[in-house]
Amino acid sequence: MPPVFAHGRLRLYLLKLLDEAPRHGYEVIRLLEERFQGLYAPSAGTVYPRLAKLEAEGLVTHATEGGRKVYSITDAGRAELADRGGELADLEVEIRDSVTELAAEMRDDVRGAAGDLRREMRAAASASATQVEDESWKAAKEDLRKARQEWKEQARRAKDESRRAREEAQQARRQAKEAQERAREEVQRIAGQLQEQFAKSGGVLGSLAGAWLGSGAQGASPAGAADADVSADGDWAADLASTGDPARDLDRLLDRFRDEVRDAARDRGVTAAQVAEARGHLKAASGRLGATFGARS
């Protein structure tokens, strides 16, 4: 039998089933068997350990009802499901392909059995051409009829499942694309608001940007060594290429400064005296950059 779920994909599909509705383990197994039209059903030894692992990771939780555990997806589980929307759409296609392969294998088996049966029937007919058709001959014909009917039914079910899986995959792709578009629009909206805020509050922006200009001072007084420090660190953040938007470029520089100061404080620790000294540097830098912006206006 060809593999049904690649590594980690059954875990993702369990989250999808629990996102549809809370379910107990046996119901999850039954739904998977229905999805594969009876051609595949995971064992309890496959499903329950994965549910337990998902619960340990905080992606699902359970409640006991009637002596059975009923699993439900958590907000963290929904977040992971949303982040992997594109992967889930690919998984639907993989399930469709797996159903098609399983049905093809069954069809080949039925064809092989039917071929063997026909050959046996021809041999029997040749040996007993003059004999009256007996019950065994009728039984062989009935077996062949049933085998053909079973093959047709399996082929029809595989075709229907393939169509449904394709439609679901297309819908999942559309939903993922719509979610990406909404996220992009929200980012653009927030960026526009930030630029408008920067344009309306030059004094506050000057204070923040001044902190960056004063970041080169290492233990010197704010007024004594400011120019030398800025010059010495003139290639700071040179890897941040210009975007063509000065407000956005400045915002990126402020983000870089904030991250580096925060990382340094976290890695080396910070004392009250260091905070006081940093305040002096920031104040001096704020004044310098504020004066710079004033000169430009």
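Let me start with one pair in this predicted model: the side chains of Arg23 and Glu27 meet in a salt bridge, with 3.3 Å from N to O, and both Arg23 and Glu27 are buried. As a general point for those new to this, side chains of opposite charge can pair when their charged atoms come close.

How many salt bridges does the count come to? The count comes to 25, and I will go through a few of them.

Take Arg30 and Glu34, which form a salt bridge whose closest N and O atoms are 2.7 Å apart. Both residues lie in helix H2, four residues apart, and that spacing is about one turn of the helix. Arg30 has a relative accessible area of 31%, so it counts as partly exposed, and Glu34, at 44%, is partly exposed as well.

Helix H2 covers residues 25–35, and Arg35 lies in it too. Is Arg35 buried or exposed? Its relative accessible area is 18%, and because buried means under 20%, Arg35 counts as buried. The side chain of Arg35 also makes a polar contact, at 3.3 Å, with the side chain of Glu168.

Now please look at Glu57, which forms a salt bridge with Arg11, where the closest N and O atoms are 2.4 Å apart. This pair links distant parts of the chain, since Glu57 sits in the loop between helix H3 and strand E2 while Arg11 belongs to helix H1, 46 residues away. Glu57 is partly exposed, at 35% relative accessibility.

Finally, Glu57 and Arg11 belong to a network of salt bridges, in which they are linked with Lys53, Glu80, Arg84 and Glu87.

Definitions and conventions:
Residues are numbered from 1 along each chain as its sequence is written. This is a predicted model: local features need pLDDT of at least 70, side-chain atom pairs count only at pLDDT 80 or more; totals for chains, interfaces and linings use all residues. Side-chain values use heavy atoms; hydrogens and water are left out. Helices (H or I, at least four residues) and strands (E, at least two) are DSSP runs, numbered from the N terminus. Buried means under 20% relative accessible area, exposed over 50%, partly exposed in between (1.4 Å probe, protein chains only). A polar contact is a pair of N or O atoms within 3.5 Å; within protein, one must be able to donate a hydrogen and the other to accept it, and residues adjacent in sequence count only if both atoms are side-chain atoms. A salt bridge is a side-chain nitrogen of Lys or Arg within 4 Å of a carboxyl oxygen of Asp or Glu.
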